Amino acid sequence: MIKAFWQRFKIVLSVCGLLSLVHIVNMVMGGQLNHFGILPRETNSLPFIYSAPLLHGSLSHLVNNLIGIAIFSWLCLLRTVSLYVWSSFFIITLSGLLVWFFGRQAIHIGASGWIFGLWSLSIALAWFDRRLLNILIALAVVFFYGGMIYGVLPQDATVSFEAHFFGAISGVLAAWLSTLKVFKRKNL
């Protein structure tokens, strides 16, 4: 039990450390790494769906995302590490592709899509897999973070609500897929 706790703690710490390190390098380079964000419908930026979540426009952007990614990563890791890894990859890929296809013509960066995906996964798992742990986590997320739903609505031109919206959709889909028998055999 203690070993599993530390393993999960190291994963969250590593993710937060990676985001912070990339931000420091980006700051030293004067924000030049931001060009590795998603530019919708530009073929050259398609591979950047995997680098965009690592990039942040400011220190406050990074700090807000570090808090969200730490909380929702931890909640997902309460189930299994494989669910977290698979869901994170799925959410980053699908939300990134949807932003690439349907997003506004701007460079989209930040871990918000990933965070909103893990947020909606935490809620949707209670619907698709009604185990007590999933229900308790969903209730806590709705109670403490239910207001995040407003983040999927366009409010600020400098914020990629598209990443929030498509991340939330991707998280629900990941929750549903993870409960199918094919995935259950793989211990997701």
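1. Some ground rules. This is a predicted model, in which local features need pLDDT of at least 70 and side-chain atom pairs count only at pLDDT 80 or more, while totals for chains, interfaces and linings use all residues. Residues are numbered from 1 along each chain as its sequence is written, and side-chain values use heavy atoms, with hydrogens and water left out.

2. Searching the whole structure for disulfides (pairs of cysteine sulfur atoms within 2.5 Å) gives zero. The sulfur of Cys16 has its closest cysteine sulfur in Cys76, 14 Å away, which is too far for a bond.

3. Next, helix α4, residues 112-128. Helices (H or I, at least four residues) and strands (E, at least two) are DSSP runs, numbered from the N terminus. The expected span of a helix is 1.5 Å times one less than its number of residues. Of the 17 residues of α4, 14 are buried, so the helix is largely enclosed by the rest of the structure.

4. For the voids, a 1 Å grid over the protein atoms alone is used: a cavity is a set of points where a 1.4 Å probe fits but cannot get out, a pocket is an open set with protein on both sides within 12 Å along at least five of seven lines, and lining residues have an atom within 4 Å of a point. The largest pocket is lined by 23 residues, and His61, Asn65, Ser112, Val159 and His164 lie nearest its centre. Two elements, α2 (59-77) and α4, each give two or more residues to this lining; α2 gives the most, with seven.

5. What lines the largest cavity? Its lining has 14 residues, with Ile38, Pro53, Ser95, Gly110 and Ala163 nearest the centre. Here α3 (81-102) and α4 are the elements that give two or more residues, and α3 gives the most, with four.

Conventions. Buried means under 20% relative accessible area, exposed over 50%, partly exposed in between (1.4 Å probe, protein chains only).
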